[in-house]
Amino acid sequence: MCISDNCDHLYLTTSSDLQDEFARRLIGDSGTFLDIGCGHGRHGSNTFILERLGWTGLMVDKDNDLVNLNRTFRRAECVAADVTRCNWDIILNRREYDYLSFDVDDATTQAVTHFPW
């Protein structure tokens, strides 16, 4: 979806609050993302547009059905995991990321506490 800012510039975004545009402006047109709680990989996604621009990354969600759906149209690796108790060492595999999208709704406190900052 495109939205306008004072009719001077159009932003291409699928995120709800321009998170993708923020990451693109901060890091550029290529980078790596970690999308925790990716949900549907297009609608409301904080990383879909970034991937279309050439970014690479990893998507994580607890819902197996969404993970399988995302694998059909996203290039990024997508894994199913409960981020409140998963083994992050295995999931992250010592990779580094430029942008972290963390959207796990009611599990935020547990997930943030469990994440290996």
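Predicted model: local features only at pLDDT ≥ 70, side-chain atom pairs only at ≥ 80, totals over all residues.
Residues are numbered from 1 along each chain as its sequence is written, and side-chain values use heavy atoms, leaving out hydrogens and water.

**Exercise 1.** Find which residues of the largest nonpolar core touch the most other members.

*Solution.* 
- Step 1: A nonpolar core is a set of buried (under 20% relative accessible area, 1.4 Å probe, protein chains only) Ala, Val, Leu, Ile, Met, Phe, Trp, Tyr and Cys residues joined through side-chain atoms within 4.5 Å.
- Step 2: Among the 14 residues of the largest core, those touching the most other members are Leu-34, Ile-36, Val-60, Val-83, Trp-88 and Ile-91.
- Step 3: A second, separate core has 10 residues, including Cys-38 and Val-67.

**Exercise 2.** Work out how the ring of Phe-102 pairs with Phe-115 and with Trp-117.

*Solution.* 
- Step 1: Phe, Tyr and Trp rings (for Trp, the six-membered one) pair if their centres lie within 6.5 Å; planes under 30 degrees apart are stacked, over 60 edge-to-face, and the rest tilted.
- Step 2: Phe-102 and Phe-115 are 5.8 Å apart centre to centre, with 80 degrees between the planes, so the pair is edge-to-face.
- Step 3: For Phe-102 and Trp-117, the values are 6.1 Å and 20 degrees, so this pair is stacked.
- Step 4: Together with Trp-88, these residues form one aromatic cluster.

Terms used:
Buried < 20%, exposed > 50% of the residue type's maximum accessible area, 1.4 Å probe, protein only.
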